[in-house]
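Here's a quick tour of one protein model, made for anyone just starting out with structures. Have a look at it first, then work through the points below.

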Amino acid sequence: ALEGFSSYRNYFREALEKLSVKMHVFRAGDFKSAVEPYLRDDMSPQEKEVTLHWLQQIWAQFTSIVETQRDLEAGSVDRYINSLSETMIAEKGNVAEIALNAGLVDKLMSRDEGNKYLVEVVGASNDDGLYEAVEFERYIARKRPLALTKPEGSRVAVVTAYGNILPGDQPPGTIGGDSLARLIRSTADDDNVAAIVMRVTSGGGSMFASEVVRQQVLYAQSKGLPFVVSMGSVAASGGYYIAAPADQIWATPSTITGSIGVFAAFPTFEDLLQRVGIYTDGVGTTELAGSIRADRPLNPELVQTMNSAVGFAYDTFLEVVAEGRAMSVEDVDTIAQGRVWSASDALDIGLVDALGSLEQAVDAAAELAAVEDYKVDYVDYPLSPRDQFMKQLANRVGSVGVLRHSKLVTNVSALLAPLGEAAEEISLLQDPRHLYMRCVSCAGFK
């Protein structure tokens with residue numbers, strides 16, 4: 001179903017107030033909206049303006065591609081969506097016929113008809129009469145097999161940085177400051193690696209972890225290795241922080257980036273505890289001793305400390321970007337303030353160098369390294385011998401079994417999803433100094 005692009009999220013100010021939970025927030029950047037869900041019941045006007053701007057740019061790109069590929073008039077997709085309710089009545093709810101009439105599909109087929117068509121296209125069928133196909137897992141395994149030994153000769157290494165940025169070692173799907181830093185360093189120390197490409201898909205996270213990763217990017221460059229960043233769907237806040245030092249930054253045409261800003265946040269529950277008769281008291285050796293406790297009110301002196309820390313962190317962010325992009329701090333500040341940018345706007349203002357795919361970024365890295373005969377090596381975290389065996393076995397056997405939830409459980413889970421998302425957001429606040437570079441509006445985009 002085509003409906004357009006949107007960015008909606010839940011806002012918890014009133015709920016937190018009713019639960020007697022205080023969310024203490026400090027931020028730098030006029031557009032840093034990552035904390036709005038805890039402070040407001042709706043999206044601020046300035047955030048609506050910024051978000052709608054980049055949404056419209058990406059939507060225009062999407063509709064242009066569809067209309068060009070389907071040989072439709074400009075504006076056809078918007079007209080299709082905006083008149084859908086009227087068309088549904090006229091066609092008595094036949095959505096497939098509507099899509100056919102609109103030029104979105106070429107032909108309507110039953111499953112058997114579709115299979116016969118695919119048999120003709122493929123030119124082969126199996127014993128059950130179905131078109132001959134390769135399972136996705138097997139296809140991927142053949143395209144990118146698990147290598148027990150590293151390829152010989154010059155290599156352009158591709159390192160993946162995907163997910164929220166957290167301190168320490170983290171599993172795949174999350175960026176661990178220590179684990180990703182080790183991966184970059186070990187890759188840089190490999191004599192056969194001629195250049196490194198880091199594929200970044202992250203809305204940010206811990207500032208401490210982001211800095212740990214950035215230091216290893218600088219280490220790789222200090223060894224004379226070209227370091228290129230290829231941005232995925234989003235590389236914002238901490239995701240942009242770790243990308244900023246790169247020799248070149250490539251974004252896909254639909255990448256969301258920027259959000260150069262910093263905030264600090266942590267909840268306290270003293271009012272909630274007092275409602276059930278639990279109080280906190282004691283002594284400390286200094287004015288700040290025991291200040292950062294979830295069961296105590298926020299110390300006024302700690303407020304001043306946090307504001308100063310956030311301001312310093314923001315200035316540091318500006319300096320990192322200014323150094324990496326060869327810009328003045330003042331120029332970076334004008335395009336920072338936590339604002340989110342589309343890829344085309346980011347290119348215009350100098351946050352990225354070019355628009356293109358991961359493959360084009362790899363080619364650019366090889367050109368910077370002045371190598372022509374090279375192999376692309378997708379570097380992953382080292383596996384134990386047992387893990388290597390199990391992964392090879394899984395590649396050969398394919399996926400097994402999918403756990404099915406009952407419809408009731410699915411419906412209840414969907415109903416409770418906003419609460420789960422809120423709890424997950426809070427659980428991600430793991431920076432040792434409570435300083436974060438995250439783009440929450442990017443996560444709400446769909």
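Let's start with Asp78, which sits in helix H4, the stretch covering residues 76-82. Keep in mind that this is a predicted model.

**Asp78 and its neighbours**
- Asp78 has a relative accessibility of 33%, so it counts as partly exposed.
- Leaving aside residues up to four places away in sequence, Asp78 touches Trp59 and Thr63.
- With Trp59, the side chain of Asp78 makes a polar contact of 2.9 Å.
- Asp78 and Trp59 are 19 residues apart along the chain, and 9.9 Å separates their C-alpha atoms.

**Two helices side by side**
- Helix H9 (residues 177-188) and helix H10 (residues 207-222) have axes that come within 8 Å and cross at roughly 5°.
- Angles under 35 degrees count as roughly parallel, and H9 and H10 are therefore roughly parallel to each other.
- On the H9 side, the residues that meet H10 include Leu180, Ala181 and Ile184, while Val212, Val213 and Val217 are among those on the H10 side.
- Sorted by class, the H9 contact with H10 has 10 nonpolar, 2 polar and 2 charged residues.

**The nonpolar cores**
- The largest nonpolar core has 60 residues, and Met198, Phe227, Val229, Met231 and Val262 are the ones with the most contacts inside it.
- Which helix gives the most to this core? That's helix H13 (residues 300-325), with 11 residues.
- Another core, of 15 residues, lies apart from the largest one, and Val158, Ala194, Val228 and Ala366 are among its members.

How values were computed. Residues numbered from 1 in each chain as written. Predicted model: local features only at pLDDT ≥ 70, side-chain atom pairs only at ≥ 80, totals over all residues. Heavy atoms only, no water. Axes fitted to C-alpha atoms, helices over the stretch in contact; angles between N-to-C directions. Helix = DSSP H or I, 4+ residues; strand = E, 2+ residues; numbered from the N terminus. Parallel < 35°, antiparallel > 145°, perpendicular 65-115°, else oblique. Contact = heavy atoms within 4.5 Å. Nonpolar A, V, L, I, M, F, W, Y, C, P; charged D, E, K, R; others polar. Buried < 20%, exposed > 50% of the residue type's maximum accessible area, 1.4 Å probe, protein only. Polar contact = N/O pair within 3.5 Å; in protein donor to acceptor, adjacent residues only side chain to side chain. Core = buried A, V, L, I, M, F, W, Y, C linked by side-chain atoms within 4.5 Å.
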